Protein chains: 2
Amino acid sequence: MTADEERITVAQMSAETGVTAHTLRYYERAGLIRPVARNSGGHRRYSRADVAWVSFLLRLRETGMPIAQMREYAALRERGPITIQPRLELLEEHQARLREQLARMRAHDKALSAKIALYRDDRGQAQTHDEEQDR
Amino acid sequence: MTADEERITVAQMSAETGVTAHTLRYYERAGLIRPVARNSGGHRRYSRADVAWVSFLLRLRETGMPIAQMREYAALRERGPITIQPRLELLEEHQARLREQLARMRAHDKALSAKIALYRDDRGQAQTHDEEQDR
DNA sequence: CTAGAAGTTAGAGCACGCTCGAAGTCAACC
DNA sequence: GGTTGACTTCGAGCGTGCTCTAACTTCTAG
């Protein structure tokens, strides 16, 4: 249908996404990527859309979404536009979790700063604080 | 030395820190917690300082520090105030990594928002966008 | 004193997300 | 058409961080 048929090998895909060839195949096996198009010899030929999809998957992964849930999302996507609503809900829930995570990280950052400030004061003069006292 | 000898059982420790008794013992084995004081029967009796230390460990864990590095930090702490400088450096490096992580998460959050906005527009009217086109 | 709850150790097992090896096939270039 | 390198599948293996079991001991309340 589409006139431009730019298709890339697994190695090129790996270079573009930063994911190893092994992992790309694993993602396919795991149901995150639908069966990739093949050339006459049975070698994978990824499309531009595949690149975009994997990039999106990586975003989900890096924000802590487990493979199982990514698979769920991928399965919904397979079923076409009728699943837009549930996909939207899934993403919204994920974003909510991401934001909680962000809040926690910010709090940890603040606490770390306080701890580091204490250590800076201690430097040289042998002092102790909080959980540093020995029995 | 210290007059107040408030010491708690592993179950109480678990309740206070949110870490299971199994995991508390694992942390001890792993070298994250120094050998905990025991009562006459060989049962662990955690001190208040232990609670503070475990809380701090959890902060490191939740910000993605691997057990091995936490062990390193714990080992430095064992060696007393002379190791304040290296401990400070370790914490500073960790905070730097944490902040990079925060930056990435924020970017992911933004991207997710954009994606969600697109989905909201699509809702009902069967449209497609980015990596949604089928083949 | 005794029943049952809670603690102890050593070590096995598990969930997750890759990661790799082996053995064979295909592609690309001279 | 031969050689070299990329690709294929299948399945095993691995690193991390717990998590659990078994068999046994101790503690606590009645």
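Reader: Which residues are the closest to DNA strand C in this model?

Author: The model is a predicted one, in which local features need pLDDT of at least 70, side-chain atom pairs count only at pLDDT 80 or more, and totals for chains, interfaces and linings use all residues. A residue is near a strand if one of its heavy atoms lies within 4 Å of it. DNA strand C is surrounded by 21 residues, and the closest are Tyr27(A), Arg61(A), Arg25(B), Arg38(B) and Arg44(B).

Reader: Of the atoms of DNA strand C within 4 Å of the protein, what percentage belongs to sugar or phosphate?

Author: The atoms in question are those of DNA strand C within 4 Å of the protein, and they are divided between bases on one side and sugar or phosphate on the other. The share that belongs to sugar or phosphate is 75%.

Reader: How far is a phosphate oxygen of DNA strand C from a polar backbone atom of Arg44(B)?

Author: A polar contact here is a pair of N or O atoms within 3.5 Å; within protein, one must be able to donate a hydrogen and the other to accept it, and residues adjacent in sequence count only if both atoms are side-chain atoms. For the polar backbone atom of Arg44(B), the distance to a phosphate oxygen of DNA strand C is 2.5 Å.

Reader: Which element gives the most to the surface near DNA strand C?

Author: Helices (H or I, at least four residues) and strands (E, at least two) are DSSP runs, numbered from the N terminus. Two or more residues each come from helix 2 (21-29) of chain A and from helix 1 (10-17) and helix 2 (21-29) of chain B. With five residues, the element that gives the most is helix 2 of chain A.

Reader: Which element gives the most to the surface near DNA strand D?

Author: Residues are numbered from 1 along each chain as its sequence is written, chains are lettered from A and ligands numbered from 1 in the order in which they are written, and side-chain values use heavy atoms, with hydrogens and water left out. With five residues, the element that gives the most to this surface is helix 2 of chain B.
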